[in-house]
Amino acid sequence: MANLISMASLLLLCFIPFSAAAHDYGSALTKSLLFFEAQRSGILPRNQRVSWRSHSGLQDGKASGVDLVGGYYDAGDNVKFGLPMAFTVTMMSWSILEYRAQLVASGELGHAMDAVKWGTDYFIKAHTEPNVLYGEVGDGNTDHYCWQRPEDMTTDRRGYRLDPSNPGSDLAGETAAAMAAASLVFRRSNPAYANKLLTHAYQLFDFADKYRGKYDSSITGARKYYPSVSGYNDELLWAAAWLYQASNNQYYLKYLADNGDSMGGTGWSMTEFSWDVKYAGVQTLVAKFLMQGKAGAYAPVFRRYQDKAEAFLCSCLRKGNRNVQVTPGGLIFRQRWNNMQFVTTASFVATVYSDYLTSSAGSLKCPAGFVQPSELLAFAKSQVDYILGDNPRATSYMVGYGNNFPRRVHHRGSSIIAYKFDSKFVGCREGYATWFSKKSSDPNVLIGALVGGPDAYDNFADERDNYEQTEPATYNNAPLLGILARFHGGHSGYNQLLPVALPPPPKSNPIPQKPSSSSSPVVILQRITSSWKAKGRVYYRYSSVLTNKSSKTVRNLRLSISNLYGPLWGLTKSGNSYTLPKWVGSLGPQKSVEFVYIHSASAASVSVLGYNLG
C-alpha cells in the first residue's frame, strides 16, 4: 500500500505545474526585514513591529563583567554566535550599499538600516578594548538542551572573549568587515556613528592580523555549531576589501595585492559563499575595484582574483569546469542542513556581478562559452522564484509569503505561546514536552524567515523536529535584502560601478569654507571644475585648495573630510583623518596645495583638525 501511495503521489506531482504567477518581490522584501526584528535580543525598541516578542537576554555578559545586551539570535536557538551574526550584518550592509535607491523606492531603507544598526550597536559593546572582542553569549550545548522562549531563558549567559592570548582572526576579521561595511551605510545620515564604526573596524583588523588564530580554538564551544573550516585567511582579505572600500586607504588595497596569492584569494576557486567561506565574496569585491579602475599597479593580481570570482559564477550557471549540484527543480544544492544559505549568497553575487558587467559593458567568459549579464540575473531570479514558490512542491520557503509555507518552524520563540499573551514561565525541559512535540502550527508566525529548504530531490517535511529543513537563520535572509530590492525596483539605469549618488548639488561656485577655528592659518576654498552625466546621474569634479595665510610654515596638517561619496586624489588617508602627501610634507607661508575628488553631491565638508607652526 505504501508503494502504491508513493507512486500515486509521484504521478500527481508530475502533473502539477510549478507556480508561474509573478511574485511580489516588494512584499517579500518587507517580510524578510520583519524576520530580523523577531531575532532581536535585548531591550526591544518602541517601534518594534513583531509584537509577539518581548525583552530578553537582559543579563547577557553580566557574569563576565561586561554589558552584552542586544544583538541577534542566529537561528532557532537563543545563543548569540558572533561569526554568523557579523556575516549577517556585512551582507545586509552590502545589500544596502548596492541597492540603496531601490530600498528607498520600496520604503524599506529605514528598516534595513535599523536592522544593521541593531547588530553594530552590539558589536560596539562586544569590542571592549582594541584587542578584545566578545564573540559569543550563551553556550550551544546547554541552550540546545532546553526549549524555551528567549524571554524565559535559564541557561548560562556568560560571554566568551578573544584577546591576544586567545586569538580569533576569522571572527575579528569578519566583525571588522561588518563594521567597515556598515560605516558606509551610515556615512551620509550619521557621519559621527560611521566614523565610530570605522575606528572599531581599523582596530579589529589590526587585532585579527597581528594575533593570528582560529576563533573556535579559543571559543571551543562554537566548534560544534559554527566551526571555522576555511580558517581565517579569507576573513582577513574580506576585511581588507571592506576597509579599503570604506576608507579609500591604499594600505588595504596593497594588503589585498600582497597577500592574494599566499592567503588564497587568487588561488581558491569556490563553489560556495557562506558565513565560513568568504573567498567568493572578496573575489567579487576585488573584481569590482578592478572594473572601477582602482587597481593601478596591482591590476595583474586583481585580475587573478576576478578570474576566481567568475569561476564561481560559471559553476553556479553550470558552465564551469567544476559545477554546483542542482535539484531536479533547479535549486542549487550543497548540503541537506540549511541549504538555503548557499542559494541566497550565490544569487546575491550573481545579481551584483550582473549589474557590474552591465555598467562596464562587459560579459562573463565561462569554459562553456560567453555569458551575458542578463543570464546571470535570470539565474538569480530563478533561485529566488524557487524560494517563493516556483518549485515542484509549490511551496514558499519564506514563512508568511504565499499560501503554502512552513507552519511548524524549528524555532523556540515562534513555537511557544508569546510571553505577552501568557507570561507563565516555561521551564527548560517543559518546552520540549509541551510545545516542541506539538503537531499543530506555530502560535506565532515567524514572518519573513527563510527556512533551510528542501533536500537534493526537492522533498521537504514541514516538521518542527526536522531542524535541517525547517530552521531559519539570519544569514539566509541577509543577502535576500539586496536581491529582492533589485528585483522589486529594477535597474533604473544607474551605473553600479560609480559611487552611490545623492541629488545634484546647488550651483554655487566657488564654495568657501571657514577654518575650523579662528586661529587656524589654513583657508579652504572649494569649487566645481567640471561635471558630466553618466547613466542618468550628474557627477562633479571638485577642486579643493588649501592656503596657508600665515607667515610661518604649517607642518603636520591633519584634515577631517566628511560627506565624501567618491574617490579623492592629492591627500593621504591616515586613520580617521587626511594628511598632505609625503612628497609635499609641509605648507610654506602663503603657499597653496590642491586636492580633488569626484562625486554626485554637494561639496564635502573639509575642516582642519590640527597642525604645527614652525
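Predicted model: local features only at pLDDT ≥ 70, side-chain atom pairs only at ≥ 80, totals over all residues.
Local features here need pLDDT of at least 70, side-chain atom pairs count only at pLDDT 80 or more, and totals for chains, interfaces and linings use all residues. Residues are numbered from 1 along each chain as its sequence is written, and side-chain values use heavy atoms, with hydrogens and water left out.

**Stop one: helix H9**

Select residues 233-247. This is H9, with 15 residues. Helices (H or I, at least four residues) and strands (E, at least two) are DSSP runs, numbered from the N terminus. H9 reaches 21 Å from its first C-alpha to its last, close to the 21 Å expected at 1.5 Å a residue (1.5 Å times one less than its number of residues). Of its 15 residues, 14 are buried, so H9 is largely enclosed by the rest of the structure. Buried means under 20% relative accessible area, exposed over 50%, partly exposed in between (1.4 Å probe, protein chains only).

**Stop two: salt bridges**

A salt bridge is a side-chain nitrogen of Lys or Arg within 4 Å of a carboxyl oxygen of Asp or Glu. The count comes to 24.

Select Asp355 and Arg486. Their closest N and O atoms are 2.8 Å apart. Asp355 lies in helix H13 and Arg486 in helix H18, so the pair ties together parts 131 residues apart in sequence. Asp355 is buried at 1%; Arg486 is buried at 7%.

Now pick Asp385 and Lys381, bridged at 2.7 Å, N to O. Both lie in helix H14, four residues apart.

Finish at Glu37, Arg40 and Arg49, linked in a network of salt bridges.
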